[in-house]
Amino acid sequence: MRFTMLAALAAILSTAANADDHTMTGSDNELTFERVFASPSLDGPAPRQAKFSPDGRYLTLLRNRDDDRERYDLWGFDIASGEWSMLVDSEALGTGRELSEDEKMQRERARVGNLSGIISYDWAKDGSGVLVPLDGDLYFARLDGDVTRLTDTEESELNPALSSTARYVSFVRDRRLWVAELGEDAAPVTPKEGETIRWGEAEFVAQEEMGRLTGYWWGPDDERLVVQRTDESPVGIVTRAAIGATGTTVFDQRYPVAGSDNAIVELYVMDPDGQNRVKVDLGENTNIYVARVDWAPDGSAIYVQRQNREQTVLDVLRVDPATGESEVWFTENAAREDYWINLSDNYRFLKDGTLLWWSERDGYGHFYRYDDGDWTQLTGGTSPTTSLVGVDEEAGTFTYQATENVLTQQIYTARLDGAGEPVRLTDPAYTNSATMDRTGNRLLVTRSAPNQPPQRYLADTSGERLIWVEENRVGPGHPYEPYVLSHVTPEYGTIEAEDGTPLHYMIVRPKIEPGKQYPVFYYHYSGPGPQIVDRGWQGALAQAIVDRGYIYVALDGRGTANRGVDFEQPIYRAMGAVEVRDQKTGAQFLKALDFVDPDKIALYGWSYGGYMTLKQLQAHPGLYAAGISGAPVTRWELYDTHYTERFMGDPNAVPEAYEAASAIPDATNISDPLLLIHGMADDNVVFENSSEFISALQENIVAFEMMLYPGYTHRVSGEQVSPHLWNTIFRFLESHGVTPPE
């Protein structure tokens, strides 16, 4: 459940890290919700998909417009001259054509459903230009400004890609894979087999939960490619009514709910024209997940990560591209019996035939090197590594991202042979992320601090900054400058869970008058995955809430990421239990603070957080003054297989775990004010979750309030609708007396 609202809804301003170079100067104006979500973004530029050109001359990225924060154009940064130029203007080139339903849903899976303009692009490996999808068609843009239109069809071209040598362009249309030599007409290379067979597309759960958005992979020399064939016929149909403002569209969506059959996934290796097709041997058991597919650097083998249905075993298969025959190269097992395997992209097949691999086998995420049966551990300790940034095979080094002191992410470099100690490349006063060029010789660092929106700079392999790409200082002319003097510094700390585990919290106070007590806006997610409390810049939403006189609080309980296996494990087959207790501990801590009004602590959460609001109100009536639940899962049998079964197991085998985790049976326990919110076209947490819960409340005469958003999916966001959402939330709180002191 890679929830879509998180970035916007976790808008938390973090405390200064005592570094002189990220202080802010400016004015003292009160933030409104209208301004928080208006253009230009208060964060400053918010580029996406930064990539280096194959020759290393350019850094390209998608940059949003000052007058439309959700529309992106393609820009290039000449590293030698330090000059920016727009390579493709999405408004000038685009047609505004309506996207197909398949493309809309793919965008939802990729978490870009609210964006417009250019949302992705692909560099030709020879550096001659970039492939640009726009408004359902494809274009090839050269650096001299020349743009060639490659397709002009009513149907959308999905999953477009250039082949490894840029000789071919490929895409999915009408459930088939199409291939063309660049600039020529495309032809289908897979057959059309009916409405339930798809070629070249990742199945629903791969896109939604596994982080795999494609269903085909070009070999390194363009001679062969691997193509996924998906049979959706075993998957149950969920009738989804996308209720809009002026009409309703009904979709029969293949949606594999927990405990039901998944799609059958097969892999085939074929020539670019679809000939000489051989089937990959994935084993006799079809009830598996194809997690990742990669070619060996020299094209001699294909590596397939095969995960069992229980997600406790991951086999890495080595496949012969000529015959499709396979063997198990090695097997990764869950770190403990009552845990699961977290999939990742943190691995690299090296030219010498070895593998750089990420694993949680020692209880924390770390890197290892595998050489046909021999393992060498390259990183260690209790600070988990979280991302592979790049590899410099010639220098024998790799660069990675890791948690430091729980609340920041730092970039490190280490040796591939395990010699010596890792070296930190980034300033610990900031939280950081990074990307590298293909050779691992140049680093693009993105960093932020509590008082500094994201900055981007190029660095060498020692971490030395070479040039600013986006300094983004808050000063005169910056969108956030008018609000700087009202910017509040949070407090960080820890409290102990019932078993003594330290839980990190953040409190952002309004201006406190002596002797007065203030209401709390208690934000939570609490589910597996996202970490909410950190020392990075996360936007202006929290500041707007504080400007209204509320204390903004967030606490990361057990089950969240970046603390190791034992910290995540307690939710195993017990969702809605330990997380509820940890948030209760936080509420009791808040009630003891002399500046907190103990009768005015309001809960807010979206997706898993919305589920948590319901479970918390049910478990502890009277502890909270009110609760806001956005797009909640209310019964886990309604959610998909890969996410739900990973943590909860099969509902057919452990029905009692699902019954305990459900929000439906104890709906009548809710006695505190509740506001329920849901988008009426949600294809992720389908509206039935809310409608079933609504019915349970109504049939038992339980009072509640509700706000529904016609036409909106799991992400209810936009320059107009977001202020409406947040003004609705605070009108609800005010109507129930959750208000600041006079």
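Author: Let's start with β27 and strand β28 (residues 374–377), which pair in the antiparallel sense over four bridges. Strands here are DSSP runs of E with at least two residues, helices are runs of H or I with at least four, and both are numbered from the N terminus. Two strands count as paired if DSSP finds at least two bridges between them. Keep in mind that this is a predicted model: local features need pLDDT of at least 70, side-chain atom pairs count only at pLDDT 80 or more, and totals for chains, interfaces and linings use all residues. Residues are numbered from 1 along each chain as its sequence is written, and side-chain values use heavy atoms, with hydrogens and water left out.

Tyrosine 370 sits opposite tryptophan 375 in β28. Two residues lie between the strands of the β27 and β28 hairpin, and aspartate 372 there has a positive phi near 45°.

Elsewhere, salt bridges with shared partners join Arg65, Arg71, Asp73, Asp89 and Glu91 into one network. Within this group, aspartate 89 and arginine 65 meet through their side chains at 2.6 Å, N to O. They link distant parts of the chain, 24 residues apart: aspartate 89 is in the loop between β4 (83–88) and α3 (90–93), and arginine 65 is in the loop between β2 (58–64) and β3 (71–78). Aspartate 89 counts as partly exposed because its relative accessibility is 27%, while arginine 65, at 16%, counts as buried. The cut-offs are under 20% relative accessible area for buried, over 50% for exposed and partly exposed in between, using a 1.4 Å probe and protein chains only.

Arginine 71 and glutamate 91 also form a salt bridge, with their closest N and O atoms 3.9 Å apart. Arginine 71 is in strand β3 and glutamate 91 in helix α3, so that pair ties together parts 20 residues apart in sequence. Arginine 71 is buried at 18% relative accessibility, whereas glutamate 91 is partly exposed at 48%. By this rule, the count of salt bridges comes to 50.

Strand β29 (residues 385–392) is joined to β30 by six bridges, and the two run antiparallel. Threonine 385 stands opposite alanine 402 in β30. Four residues separate the strands in this hairpin, where glycine 396 takes a positive phi near 70°. Threonine 386, also in β29, is partly exposed with a relative accessible area of 24%. Threonine 386 and asparagine 346 are 40 residues apart in sequence, but 8.1 Å apart in space, C-alpha to C-alpha.

On to β30 itself (residues 397–404), where eight of eight residues are buried. Both faces are covered, with Thr397, Thr399, Gln401 and Thr403 on one side and Phe398, Tyr400, Ala402 and Glu404 on the other. β30 also has an antiparallel partner in strand β31 (residues 408–415), joined by eight bridges. Glutamine 401 has isoleucine 411 as its bridge partner in β31. That hairpin has three residues between its strands, and asparagine 405 takes a positive phi near 55°.

For another bit of pairing, look at the open sheet of four strands in the order β6-β7-β8-β9, with antiparallel pairing. Its edge strands, β6 (122–123) and β9 (147–149), each pair on one side only. Strand β8 (residues 137–141) is joined to β9 by three bridges, and alanine 141 stands opposite valine 147 in β9.

Finally, glutamate 325 is in the loop between β23 (313–319) and β24 (326–333), and it is exposed, with a relative accessible area of 56%.

Terms used
A salt bridge is a side-chain nitrogen of Lys or Arg within 4 Å of a carboxyl oxygen of Asp or Glu.
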